[in-house]
Amino acid sequence: MKSIVITGCNRGIGLGLVKYLVKDKISPKYVMVTCRNLQNAKELQEIADANKNVHVLQLEVDKPETFDNFAKDIEAIVKEDGLNVLFNNAGYSPKSTRINFVKAEQMMETFSINAVGPLMLTKALLPILKRAATINKDKPLGIERSVVINMSSYLGSISMNNQGGLYPYRCSKAALNMITTSLSIDLKPDGILVTSVHPGWVKTTMGGPNAPLDVDICSKRIIQLLKTLNEDHNGQFYSYEGHKIDW
Ligand SMILES: NC(=O)c1ccc[n+]([C@@H]2O[C@H](COP(=O)([O-])OP(=O)(O)OC[C@H]3O[C@@H](n4cnc5c(N)ncnc54)[C@H](OP(=O)(O)O)[C@@H]3O)[C@@H](O)[C@H]2O)c1
């Protein structure tokens with residue numbers, strides 16, 4: 001893979017993925033990483049200062065009106081190579097979510113960040129994703145061509161839901177999974193693979209301090225999974241360990 005865009009990289013799993021990618025033996029030529037506030041993303045900026053292939057860009061995934069300009073910025077970096085990987089990682093989970101507390105605004109806000117944003121960003125970046133898929137058409141489906149990864153959660157699995165609650169988060173990730181399915185059908189003729197990934201329960205602000213998995217291990221496993229993606233993964237839901245998850 002020559003190029004990757006990852007959203008939500010100033011902290012948590014996004015930052016872990018960037019740290020792992022720059023240490024990797026074959027670090028991509030263009031690692032384009034986003035955060036909402038450039039001033040607050042000090043660690044990310046330090047990584048970019050030390051690694052010429054890292055480009056930090058500002059992006060709010062719930063502002064689709066800015067995506068065409070963002071796509072132009074990415075195109076100016078990758079040029080005729082196109083974009084190999086879009087990793088929709090940024091995500092949000094509101095706190096109080098039992099039935100008596102859920103609010104319509106929470107539902108809309110979480111949908112906007114976790115489902116609408118990834119779909120519209122994929123749409124905006126489609127021309128350059130297609131370009132990478134086309135110029136690498138001699139290669140099999142995967143990161144050497146073009147891939148969209150949607151960071152989902154097992155909490156978005158309908159068949160695994162035996163606890164209830166968490167309406168905004170569960171529903172938004174279930175919607176994201178449906179987006180993965182439709183995109184995987186629509187973009188297959190263009191040679192673009194689309195898959196949903198569950199990162200495990202990870203020690204981040206969202207995962208909390210009791211989560212069993214460290215960001216480092218999760219990031220390493222996800223990049224390993226990324227490297228193995230092939231036609232079988234298209235339109236599917238995988239854990240960071242590479243196990244298939246039921247929708
Ligand atoms: N941690 C877990 O156990 C776990 C489990 C399953 C799935 N996931 C998924 O993994 C992904 C990363 O989660 P995490 O644990 O790393 O969470 P995190 O530590 O809370 O980080 C979330 C990231 O998303 C960004 N973000 C939130 N709203 C945004 C918006 N409107 N526009 C752009 N960026 C936005 C945040 O930026 P700011 O710093 O500016 O807020 C931050 O960089 C999410 O999609 C999450 O749903 C996590």
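I take contact to mean heavy atoms within 4.5 Å.

**Entry 1: conventions**

The model I examined is predicted; local features need pLDDT of at least 70, side-chain atom pairs count only at pLDDT 80 or more, and totals for chains, interfaces and linings use all residues. Residues are numbered from 1 along each chain as its sequence is written, and side-chain values use heavy atoms, with hydrogens and water left out. I take helices (H or I, at least four residues) and strands (E, at least two) as DSSP runs, numbered from the N terminus. I use buried for under 20% relative accessible area, exposed for over 50%, and partly exposed for in between (1.4 Å probe, protein chains only).

**Entry 2: Asn-89**

I looked up Asn-89 and placed this residue in the loop between β4 and α4. Asn-89 is buried, its relative accessible area being 10%. Leaving aside residues up to four places away in sequence, I found that Asn-89 touches Ile-6, Thr-7, Gly-8, Ile-13, Gly-14 and Met-151.

For polar contacts I accept a pair of N or O atoms within 3.5 Å; within protein, one must be able to donate a hydrogen and the other to accept it, and residues adjacent in sequence count only if both atoms are side-chain atoms. A polar atom of the Asn-89 side chain lies 3.1 Å from the backbone oxygen of Gly-8.

**Entry 3: the ligand**

I count a residue as near a molecule or strand if one of its heavy atoms lies within 4 Å of it. Of the 28 residues around the ligand, those that come nearest are Asn-10, Arg-11, Arg-36, Tyr-169 and Thr-204.

**Entry 4: helix α3**

I then followed α3, whose 12 residues reach 16 Å from first C-alpha to last, close to the 16 Å expected at 1.5 Å a residue. The expected span is 1.5 Å times one less than the number of residues in the helix. Buried in α3 are Phe-67, Phe-70, Ala-71, Ile-74, Ile-77 and Val-78. Seen down the helix axis, these buried residues fall within an arc of 115 degrees, so they line one face of α3; the arc is that of the directions from the helix axis to the C-beta atoms. Asp-68 and Lys-72 are exposed on the other side of α3. The buried residues pack against β1 (3-6), β2 (30-35), β3 (54-58) and α4 (104-135).

**Entry 5: positive phi**

Lys-79 follows α3 and lies in the loop between α3 (67-78) and β4 (85-88). Its phi is near 50 degrees, a positive value in a residue other than glycine. Leu-166, also not a glycine, has a positive phi of about 50 degrees. I placed Leu-166 in the loop between β5 (146-151) and α5 (167-186). Leu-166 is partly exposed, at 26% relative accessible area.

**Entry 6: Pro-168**

Is Pro-168 buried or exposed? Pro-168, in helix α5, counts as buried at 0% relative accessibility. Residues up to four places away aside, Pro-168 touches Pro-94, Thr-97, Val-102, Gln-106, Met-107 and Thr-110.
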